[in-house]
Amino acid sequence: MSKLIDMHFHLDFYANHRQVYNRINQMEQHTLCVTNQPEIFESCIELYKPTKYVQFGVGFHPQNAGKVSFGKASFLRGLSCTKYVGEVGLDFSKEYLCYKDRQMEIFNYICQVSRDKIMSIHCRMAEGDIYRILKENNNKKVVMHWYSGDEKWMEKFIELGCFFSINSNMIRSNTGKQIINQIPINRIFVESDGPFTKVLGRKYTVGKLSAIYEELACVKKIYEVDVLKRQVTHNYLTLIKEDY
Ligand SMILES: [Zn+2]
């Protein structure tokens, strides 16, 4: 039977992270723990040994661009010890638009140095620039996280070979559902984005990953959740392959 995969999770945002880390390992749920700053990635891997089930991504959240400086040296050190990059991207919503240039400079640099990495990408009102930067830098192993943008751009991302990770909040919203219906099943992942989402009306905890699979199976009209699990596992194997 295929194991569950969570493609985007923030372990460091849980006060009881030790317990959560142990629980994920016990439950054998493959989990990509993204980080929002490279220095946080470094403390995470110092505290926690990456395991078969818990992996860490080195990241720099675009919403941080105006608040903290981007630690290039720390990011490069991080890159040398993981095959995952995230959370990275661009956020041009009103609050963060004033740091647009800084965000683009950092994201472009990250894409340049992360060509062979699996990337979890935050894209808000920045579809055109994300598309261009990914294409220019030839990043091939890309997962768009919580994509809620324009459908025309979504098609372009599909053409580019991108995958999409879907969470419970998306499944509940009408625009989210519309987007989910357009994504081919061979480009889909499940993510929790815990602790920033709700499942069954309550804040996400790691025991609820299977509930997200069930919700997604329902929206995609896949009547057996095991079929979805197998598909997601297959997608993961495609993503990590060197060339496809
Ligand atoms: Zn996130």
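This passage describes selected features of a predicted model.

The zinc ion has protein donors from His8, His10, Glu87 and Asp193. Along the chain, their spacing reads H-x1-H-x76-E-x105-D. His8 and His10 are both buried. The angles among the four donor atoms run from 80 to 170°. A tetrahedral site would need all angles between 85 and 135 degrees. The site of the zinc ion is classed as irregular.

A cis peptide bond joins Gly86 to Glu87, with omega at about 10°. Glu87 belongs to strand S4, which spans residues 84-91. Another cis peptide bond runs from Gly194 to Pro195. Here omega is near 5°. Pro195 sits in a loop between strand S8 (188-190) and strand S9 (198-199).

Positive phi values occur at Met125 and Lys221. Met125 is not a glycine, yet its phi is about 55°. The residue lies in the loop between strand S5 (118-124) and H5. Met125 is exposed, at 57% relative accessible area. Lys221 is likewise not a glycine, and its phi is about 55°. The loop that holds Lys221 lies between H9 and helix H10 (225-240). Lys221 has 56% relative accessibility and counts as exposed.

Helix H8 covers residues 174-182. Its buried residues are Gly176, Ile179 and Ile180. Viewed down the helix axis, these buried residues fall within an arc of 100°, so they line one face of H8. Asn174 and Thr175 are exposed on the other side. Several elements cover the buried residues of H8. Among them are helix H6 (151-160) and strand S7 (163-166). Helix H7 (168-172) and helix H9 (209-219) also take part in this cover. Ser173 makes a contact at the start of H8. There, a side-chain oxygen of Ser173 comes to within 2.9 Å of the backbone nitrogen of Gly176.

Asp129 is found in helix H5, residues 127-137. The relative accessible area of Asp129 is 19%. Asp129 therefore counts as buried, since the cut-off is under 20%. Its side chain makes a polar contact with the side chain of Arg132, at 2.9 Å. Leaving aside residues up to four places away in sequence, Asp129 touches Leu90, Phe92, Lys100 and Met104.

Across the whole structure, the search for disulfides finds zero. A disulfide is a covalent bond between the sulfur atoms of two cysteines. For Cys111, the closest cysteine sulfur is that of Cys162. The separation is 10 Å, so the two sulfurs are too far apart for a bond. Cys111 is buried, at 0% relative accessibility. Cys123 is also in no disulfide. The cysteine sulfur nearest to that of Cys123 belongs to Cys162, 9.7 Å away. Cys123 has 7% relative accessibility and counts as buried.

Notes. Residues are numbered from 1 along each chain as its sequence is written. This is a predicted model: local features need pLDDT of at least 70, side-chain atom pairs count only at pLDDT 80 or more; totals for chains, interfaces and linings use all residues. Side-chain values use heavy atoms; hydrogens and water are left out. Buried means under 20% relative accessible area, exposed over 50%, partly exposed in between (1.4 Å probe, protein chains only). Helices (H or I, at least four residues) and strands (E, at least two) are DSSP runs, numbered from the N terminus. The arc is that of the directions from the helix axis to the C-beta atoms. Contact means heavy atoms within 4.5 Å. A polar contact is a pair of N or O atoms within 3.5 Å; within protein, one must be able to donate a hydrogen and the other to accept it, and residues adjacent in sequence count only if both atoms are side-chain atoms. A disulfide is a pair of cysteine sulfur atoms within 2.5 Å. Donors are N, O and S atoms within 2.8 Å of the metal (3.2 Å for Na, K and Ca); water is not among the atoms, so sites may look incomplete. Four donors count as tetrahedral if all angles lie between 85 and 135 degrees; four count as square planar and six as octahedral if opposite donors are over 155 degrees apart and all others between 65 and 115; anything else is irregular.
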